[in-house]
Amino acid sequence: MAGIDYSSLIPNNVSLHENRRLQRALEDWQPKFLEWWQDMGPLGFQAKETYLRTAVSVDAKGWAQFDYIRMPEYRWGIFLAEPEPGRQVNFGDHKGQAAWQEVPGEYRGTLRRLIVTQGDTEPASVEQQRHLGRTCPSLYDLRNIFQVNVEEGRHLWAMVYLLDAHFGRDGREESEALLQRRSGDADKPRILGAFNEKTPDWLSFFMFCFFTDRDGKYQLASLAESGFDPLSRTCRFMLTEEAHHMFVGEAGIMRIVQRACELMREHKTDDLRKHGGIDLLTIQRYLNFHCSVSLDLFGSEISTNAANFYTLGLKGRFEETKKTDDHLLKQATYPVAEVDGERIVTREEPALVSLNERLRDDYVADCERGVTRWNEVIRKHGIDFELALPHRAFHRAIGSFGEVRVSPDGRIISQAEWDARHRDWLPTEDDKEYIQSLMQPVVEPGKFASWIAPPARGVNGLPVDFEYVRLG
Ligand code: BYC
């Protein structure tokens, strides 16, 4: 595979110089992107040298290079994974046909909508995290959030490339609109619910990376199965970068849990607020919130949209090609959790309309594995407490559970019980105020805020006390 062409204004491995029209469209969009980055990207620090990784090839053995760079000078570009010779549409009505290199005319609108929805989340997350640099718990963490931010910016580029390359004028208009919507804005909000929530503190940030970026992993993996080959190749390379974002989330929460356990042992109390730590019950409430809003991102349990995406060959299942069924699913069923009066029951539903729920199942199983690793830290400290994922029906706004009140252990409850108890289950104003009070910047290399343990190792083999951002 050719490496990335860094000599041009927009680094790319798609021979952009051979397509003048597309190159001009992207070069026209680039300054608008940079303007958006200045307005809505990380607040402050733009002129500071940060130790960042940049994609330099799509070779699995060594695709990234690490160096100091100022964020606005990051080489955002367009990188697609290697083409797979002879790739086919692997599911749905077109199964067995050659994968499409151009958008099939009749699927234009549907495909554009999927790409825009995916693209919209990328700048949204940068906007949500805009203020966090100012309250970083360490230089190591400051560098990590900036790494996540620049890569979300690159993922926006990835979707804008598809829109500009394959959707003509409509695509260019959508590319502009991606820079105009704003997370949380009443008039022009981002498309999906979770991307309009606030990320006001670092506990929320780490939870977001664990839960919401993981939705990204599962959605991208499903789009990587697409019969539209450019989308598949784009998503395959995005997944390489996405892994780091989930690492930041899982390791961040693990370090907060570890610090909580150390403080509990040291002071022989669960009440860590006197000692500058975050107690496990508060962590659980934040977990409940971020898990539930991320579960909503999978859409309704029963969805004809999802069935259409699949039947048309546009969006597959997680690891579609590893599955051994007929990849048509016209006769198959799938167990789906549903409300039945006062109870939640599981019923067999047609598999095609249940695809959102199936992807949610894959996601929940992955989240469980992370929670188990956090609980291992608690267990090793000899503390009798377990973090747990809330029931999938808890605190939902989308789908069949959006209409009922459900406890974290999965009981349908009355509004009165919800009113009496939701403060035990979701972050309270008190929690938010306390967490906010902890958000004091720590920027001396090797030093960490009171509420989080240092990481086991630094970035790219460097020591933990390396000067990851040159603030001087
Ligand atoms: N909020 O049949 P339904 C990431 C809408 S994250 C608001 O239930 P469908 C990242 C839906 O649009 C991954 N609206 O759902 C992470 C539809 O509207 P219309 C992002 C919602 O269509 C961290 C209606 O409700 N990628 O990459 O089967 C940092 C009924 O829809 C929501 C994708 O999402 C919601 N939560 O599936 C950075 C992949 N849920 O058509 C990045 C692309 C549903 O009635 N998107 N609605 O107006 C999709 O595959 C699908 O659009 C969804 C929804 C899975 C999101």
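1. Helices are DSSP runs of at least four residues, numbered from the N terminus. The model discussed here is a predicted one.

2. A patch of positive charge lies on the surface, where Arg20, Arg21, Arg24, Arg169 and Arg172 gather. Two helices, α1 (20-40) and α4 (168-180), each supply at least two residues of this positive patch. The largest share comes from α1, with three residues.

3. Arginine 21, one of the patch residues, lies in helix α1. Its relative accessibility is 40%. Buried residues fall under 20% and exposed ones over 50%, with partly exposed in between, so arginine 21 counts as partly exposed.

4. The model has an open sheet of three strands, in the order β2-β1-β7, with antiparallel pairing. At its edges are β2 (64-70) and β7 (469-470), each of which pairs on one side only. In general, the strands of a sheet pair through backbone hydrogen bonds, and the pairing may be parallel or antiparallel.

5. Within this sheet, β1 (residues 49-55) pairs with β7 over two bridges, in the antiparallel sense.

6. Another antiparallel pair is formed by strand β3 (residues 333-340) and strand β4 (residues 343-350), which are joined over eight bridges. Glutamate 338 has valine 345 in β4 as its bridge partner. The two strands form a hairpin with two residues between them, and in this hairpin glycine 341 takes a positive phi near 65°.

7. Positive phi values also occur in residues other than glycine. Lysine 268 is not a glycine, yet it has a positive phi of about 50°. This lysine 268 lies in the loop between α6 (229-267) and α7 (280-296). Is lysine 268 buried or exposed? Lysine 268 is exposed, because its relative accessible area is 73%, and the cut-off for exposed is over 50%.

8. Histidine 395 is a further residue other than glycine with a positive phi, here near 55°. Its place is the loop between α9 (355-380) and β5 (405-406). With a relative accessible area of 24%, histidine 395 is partly exposed, because that class runs between the buried limit of under 20% and the exposed limit of over 50%.

Definitions and conventions:
Residues numbered from 1 in each chain as written. Predicted model: local features only at pLDDT ≥ 70, side-chain atom pairs only at ≥ 80, totals over all residues. Heavy atoms only, no water. Patch = residues over 30% accessible without salt bridge, like charges linked within 9 Å, V, L, I, M, F, W, Y side chains within 5 Å. Areas by Shrake-Rupley, 256 points an atom, 1.4 Å probe, with all protein chains shown as cover. Salt bridge = Lys/Arg side-chain N within 4 Å of Asp/Glu carboxyl O. Lys, Arg positive; Asp, Glu negative; His and termini not counted. Charge placed at Lys NZ, Arg CZ, Asp CG, Glu CD. Buried < 20%, exposed > 50% of the residue type's maximum accessible area, 1.4 Å probe, protein only. Pairing = 2+ DSSP bridges.
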